[in-house]
Amino acid sequence: MLGRRAALVPALAILLGFALGALVVAMTGRSPADMFAALLQGLSGVNLAARSFNPRYPGEFLVQAMPIMLTGLSVGFAFRTGLFNIGAEGQLMVGSLAAVAVGLWVPAPTVVHVALVLLAAMAAGGLWGAIPGWLKARFNVHEVVVSIMLNYVALHLNNWAVVDLFHSVDHVKTPILPATALLRSPALSALTNGSRLNWGFVPVVLSLLLYWFVIERTTFGFGLRAVGFNRECARYAGMKVNRSIVASMFVSGAFAGLAGAVITVGIFGFGRAIPAAEGYGFDGIAVALVGGNTAVGVFLSGLLFGLLKAAQPLMQSQGIPKEIASIIQASIVLFVAMKLGIEYLVGRLRAGDAPAAPEEAGT
Amino acid sequence: MNLLATMIPIALVNATPIVIAALGGLFSERSGIVNIALEGIMMVGAFSAASVTVLLEPAASAGYWAMLVAVATGLAFSALHAFASIHLRADQVVSGTALNILAGGLTVYLCQIFFGQQRTDAFATGLSKISLPGLARLPLVGGVLFRDVHPTTLAALALVLATWFVVYRTPLGLRLRACGEHPQAAASVGIDVLRMRYLGVLTSGALAGLAGATLVLTQDIQYTVGSVHGTGFIALACLIFGKWNPFGALGAGLFFGLSQATSIYAKDIPFLHAVPQDFFFMLPYALTVVALLAFSGKSVGPLAAGEPYDAGRR
């Protein structure tokens with residue numbers, strides 16, 4: 001019963017989110033059918049209108065899903081300890097910088113080099129995430145405001161490092177990393193008709209498994225969840241709450257840092273200066289919330305939001321502004337946030353034996 | 001010294017939207033609802049103000065109509081946060097985050113519908129500066145505050161006073177604060193907690209909408225998704241180390257205005273021009289963290305802020 005109800009709210013929220021998105025598209029004089037056709041094409045590669053099939057689209061869809069699964073794990077891990085990590089974006093950028101640094105400056109043989117790159121990114125992201133954790137544990141400063149500020153610091157740090165530290169020639173990207181540092185896979189790319197699909201899925205799958213194992217099967221994970229359920233109770237039971245907070249934010253940041261590496265050495269092969277945050281952190285919040293902060297949930301909702309991102313250019317080419325994806329995503333998050341209210345209303349309807357549709361709760 | 005003379009007006013221009021938005025946050029948090037959506041509401045306000053200005057210019061009153069519309073759209077947008085977090089007892093930080101994502105998507109979506117591009121068209125003047133002839137001759141403050149200033153800067157100062165008066169000197173303010181401290185106790189003496197919280201959040205929406213309009217009309221030439229660039233979050237931080245007090249928020253806002261002005265003028269300051277400019281872009285954000293640290297422990301926010309109201313709890 002509990003399991004079914006846990007899945008009921010996200011499922012309802014997703015339906016409502018897409019319905020609202022379709023409504024916005026229709027109200028602004030575009031065709032919702034085009035939107036859903038673009039989503040189908042992004043998912044399967046099948047273009048209904050042209051009756052054609054292109055495996056590049058599903059390849060790109062997986063490419064989009066990989067980093068946001070990792071930022072989803074990042075946000076979810078912190079949530080489990082009762083912390084809101086809105087700073088995954090910054091941790092990701094710092095992770096990406098560390099990946100570039102190890103890629104360019106530390107020569108190593110093939111497999112070892114990539115492993116070093118990924119580990120460095122995790123360490124850097126973890127340390128960046130541990131800052132708000134430590135400040136919260138030591139000085140009781142709210143982690144949300146601190147990590148938002150650190151996102152902006154990381155953005156400018158990134159842009160400085162790309163240009164000044166790594167000697168960008170064009171002020172936009174660093175020199176290309178040696179092939180030993182990359183996750184590139186010509187075979188996977190060829191299989192999907194030249195998409196950017198790469199070996200990045202290996203660390204992503206390992207992370208999903210690790211997340212499940214640590215949270216559900218270790219004393220460390222149990223302690224974190226206990227702190228998340230009731231901080232004072234955990235303290236009373238003799239758990240080191242402050243240490244849990246810092247550790248949780250470190251692990252959380254490490255997942256985000258890994259996402260940065262997967263993007264940089266998987267998709268691009270060089271570090272980039274960027275004008276503004278790219279939204280991976282916010283994507284991670286949506287992924288974690290809809291996925292209920294579990295490994296399986298993050299995997300599934302990562303696929304969903306990855307699809308939404310991958311379908312953006314397809315929608316844009318149909319005349320539907322690609323920002324509809326953010327609108328749908330935000331609506332889904334908002335509906336999931338209304339969970340308490342929805343459950344309360346569903347429960348009251350059931351208790352009153354009124355056979356009304358639960359959808360009414362969210363509209 | 002000359003440099004300081006050019007920096008102070010810039011600092012005032014930068015501080016104005018921060019202060020107005022922080023006052024908005026004050027109303028919301030004092031009523032017991034954390035409003036992390038200030039950033040998103042500012043985006044909505046900035047977008048509507050820029051659009052209305054583009055539409056009405058060259059009429060001299062364009063900027064004022066724009067601000068009025070921004071107040072209305074900000075208020076309407078914040079109603080979503082109010083409904084989710086008050087009636088449906090949503091996690092207030094999550095609901096606010098959803099609004100921030102929504103604002104970024106919705107404004108740029110509408111830009112594409114109305115203007116066929118990722119941003120609004122550029123407007124010509126935005127909001128013109130004014131001078132108050134009599135007051136401008138006052139010693140010291142006259143030249144800075146009353147000559148060639150945006151009317152919004154004066155409005156922000158007036159709003160600080162008005163907020164202080166309403167929150168600390170009226171029965172309404174007392175009730176509002178009671179709902180943020182101990183809503184069950186407030187309810188026990190007959191205060192409608194839900195209504196007070198709606199009032200708090202909607203006021204914050206109106207003010208944040210105005211703040212967004214102020215920002216885009218005085219610091220930008222058009223609305224883009226980067227126009228607000230974290231100002232709403234900085235306003236939230238100002239509220240925290242301004243100790244949820246209007247004058248504290250004013251002081252914190254001025255401090256950040258100055259630090260932003262410093263990041264613009266750093267290259268003209270001897271000793272500092274060798275430092276890469278990116279580090280000065282970081283400055284306001286890094287200073288926020290430092291300021292939060294410096295005031296940690298001492299700052300006591302509304303006790304019940306962030307908790308959904310449960311009438312059955314004691």
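Trainee: Which residues does V333(A) touch, not counting residues up to four places away in sequence?
Mentor: In this predicted model, V333(A) touches I285(A), A286(A) and L289(A), and from chain B V94(B), T97(B), A98(B) and I101(B). That list does not count residues up to four places away in sequence. Two residues are in contact if their C-beta atoms, placed from the backbone, lie within 7 Å.

Trainee: How are the residues and chains labelled, and what limits apply to a predicted model?
Mentor: Residues are numbered from 1 along each chain as its sequence is written, while chains are lettered from A and ligands numbered from 1 in the order in which they are written. As this is a predicted model, local features need pLDDT of at least 70 and side-chain atom pairs count only at pLDDT 80 or more, whereas totals for chains, interfaces and linings use all residues.

Trainee: What are the scores, then?
Mentor: The model has ipTM 0.91 and pTM 0.91. For chain B the mean pLDDT is 90, with 98% of its residues at 70 or more; pLDDT is the predictor's confidence in each residue, from 0 to 100.

Trainee: Back to V333(A): which residues have the most contacts inside the largest nonpolar core?
Mentor: They are V333(A), A46(B), A49(B) and C238(B), in a core of 219 residues. A nonpolar core is a set of buried Ala, Val, Leu, Ile, Met, Phe, Trp, Tyr and Cys residues joined through C-beta atoms within 7 Å. Buried here means that 20 or more other C-beta atoms lie within 10 Å of the residue's own; 12 or fewer make it exposed, and values in between partly exposed, with C-beta atoms placed from the backbone.

Trainee: Which helix gives the largest share of this core?
Mentor: Helix α11 (residues 241-268) of chain A does, with 16 residues. Helices (H or I, at least four residues) and strands (E, at least two) are DSSP runs, numbered from the N terminus. There is also a second, separate core of eight residues, which includes V167(B), L176(B), A186(B) and M196(B).

Trainee: How many residues bring the two chains into contact?
Mentor: On chain B there are 41, in contact with 38 residues of chain A. On the side of chain B that touches chain A, at least two residues each come from α3 (62-87), α4 (92-115), α10 (231-241) and α12 (277-294). The largest share, 14 residues, comes from α4(B).

Trainee: What classes of residue are on that side?
Mentor: The side of chain B that touches chain A has 27 nonpolar, eleven polar and three charged residues. Ala, Val, Leu, Ile, Met, Phe, Trp, Tyr, Cys and Pro count as nonpolar, Asp, Glu, Lys and Arg as charged, and the others, Gly among them, as polar.

Trainee: Changing topic, at what angle do α1(B) and α9(B) pack?
Mentor: The angle between α1(B) and helix α9 (residues 193-219) of chain B is about 170 degrees, and their axes are 7 Å apart. Axes are lines fitted to C-alpha atoms, for helices over the stretch in contact, and angles run from 0 to 180 degrees between N-to-C directions. α1(B) is therefore roughly antiparallel to α9(B). Angles under 35 degrees count as roughly parallel, over 145 as roughly antiparallel, 65 to 115 as roughly perpendicular and the rest as oblique.

Trainee: And what classes meet there?
Mentor: The contact of α1(B) with α9(B) has twelve nonpolar, ten polar and one charged residue.

Trainee: How do α6(B) and α7(B) cross?
Mentor: Helix α6 (residues 151-169) and helix α7 (residues 171-181) of chain B cross at roughly 75 degrees, and their axes come within 5 Å. The two are therefore roughly perpendicular to each other. V166(B), V167(B), Y168(B) and R169(B) in α6(B) meet L172(B), G173(B), L176(B) and R177(B) in α7(B).

Trainee: Where is the cis peptide bond?
Mentor: A cis bond joins E57(B) and P58(B), with omega about 10 degrees. P58(B) lies in the loop between α2 (38-56) and α3 of chain B.

Trainee: What is the phi of W244(B), and is the residue buried or exposed?
Mentor: W244(B) has a positive phi of about 60 degrees, although it is not a glycine. W244(B) is buried, with 22 other C-beta atoms within 10 Å. Its place is the loop between α10 and α11 (246-265) of chain B.

Trainee: And D148(B), buried or exposed?
Mentor: D148(B) counts as exposed, with 12 C-beta neighbours inside 10 Å. Its phi is positive, near 55 degrees.
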